[in-house]
Amino acid sequence: MRKVALVTGASSGIGNAIARSLHRNGVIVYAGARRVNRMNDLDDLGITTLALDVTDPISVENVVDRIVSETGRVDILVNNAGYGLMGALEDVPMDQARDQFDVNLFGAARLIQSVLPMMRQQHSGRIINITSVDGKVAQPLASWYVASKFALEGLSDALRLELKPLGIDTVVIEPGAIQSEWADIAANHLRETSAQGPYQETADRAAAILTAVKRFSSKPQVIARLVDRAALSRRPKTRYH
Ligand code: NDP
């Protein structure tokens with residue numbers, strides 16, 4: 001039986017590459033993002049694209065209801081939608097900080113809450129949360145992003161223990177620097193202080209996610225930790241102005 005996957009944030013970058021990769025590997029893929037017109041390339045491949053705002057509970061419910069009504073199952077959820085606020089902590093207004101958490105943490109949690117009833121019924125499923133190397137190793141001038149990804153790591157670790165007895169796996173992927181729309185914006189902010197190495201292609205990341213989908217293990221799966229720790233320790237403690 002073909003597996004059914006929902007990939008969030010599929011209108012660009014890593015999410016787009018994941019959707020393509022899963023589709024190429026025989027998975028029935030539903031791809032969601034707010035900019036539906038940016039997913040025409042996926043439509044052309046036969047992937048179903050849907051308007052999805054992970055901060056909107058109705059939008060989330062509509063998408064999951066549609067998948068369940070069309071296929072009767074949800075095997076894989078890839079929580080990829082996200083972005084990173086950059087800047088010194090005191091420069092970031094609180095409402096922007098809340099928005100950061102609403103997408104990166106609560107957005108993922110909304111999707112998880114929505115697919116879990118189906119996965120419980122199936123006694124199977126795989127939840128893949130795209131965190132970041134910043135979910136393990138903090139960096140300056142990205143405190144809200146780092147906090148949101150640390151939080152998603154914690155949520156994933158708790159969920160792994162909670163759901164394993166039900167036959168549902170929780171996987172965390174911690175990408176390093178990947179070429180994407182958001183990464184280009186972040187790089188402009190961090191050009192002076194960033195210790196991250198050359199960008200990886202999104203296709204490389206998609207390959208890691210595919211590994212996570214295919215592998216069966218309840219252990220925490222850190223597919224790749226690409227941070228250059230030596231470079232991090234050399235990084236000057238610079239403030240962003
Ligand atoms: P992109 O900016 O290329 O893609 C981000 C995606 O998230 C877009 O498709 C965007 O779609 C979607 N998105 C943002 N907000 C929402 C929302 N409210 N509802 C639904 N979709 C949303 O970035 P990346 O591919 O780089 O990032 C993907 C993930 O990978 C993020 O979680 C990021 O934190 C993580 N990551 C990226 C790294 C990198 O170096 N690129 C490194 C480590 C982690 P739309 O705007 O159309 O809704």
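Modeller: The sheet is open and has six strands, ordered E3-E2-E1-E4-E5-E6, with parallel pairing. Strands pair here if DSSP finds at least two bridges between them. Strands (E, at least two residues) and helices (H or I, at least four) are DSSP runs, numbered from the N terminus. This is a predicted model: local features need pLDDT of at least 70, side-chain atom pairs count only at pLDDT 80 or more, and totals for chains, interfaces and linings use all residues. Residues are numbered from 1 along each chain as its sequence is written.

Strand E3 (48-51) and strand E6 (168-173) are the edges, each pairing on one side only. Neighbouring strands are turned by 15 degrees against each other on average, direction ignored. Axes are lines fitted to C-alpha atoms, for helices over the stretch in contact; angles run from 0 to 180 degrees between N-to-C directions.

Now E1. Residues 4-8 form this strand, and five bridges join it in the parallel sense to E2 (residues 28-33). Ala-5 has Val-29 of E2 as its bridge partner. Helix H3 (residues 57-71) packs on the sheet, touching E1, E2 and E3, at about 160 degrees to E1. Contact means C-beta atoms, placed from the backbone, within 7 Å. Helix H1 (residues 13-24) lies across E1, E2, strand E4 (76-79) and strand E5 (125-130), at about 165 degrees to E1.

In total, 32 residues surround the ligand, the closest being Gly-9, Gly-13, Arg-34, Gly-82 and Ser-180. A residue counts if its C-beta atom, placed from the backbone, lies within 6 Å.

Notes. Two residues are in contact if their C-beta atoms, placed from the backbone, lie within 7 Å.
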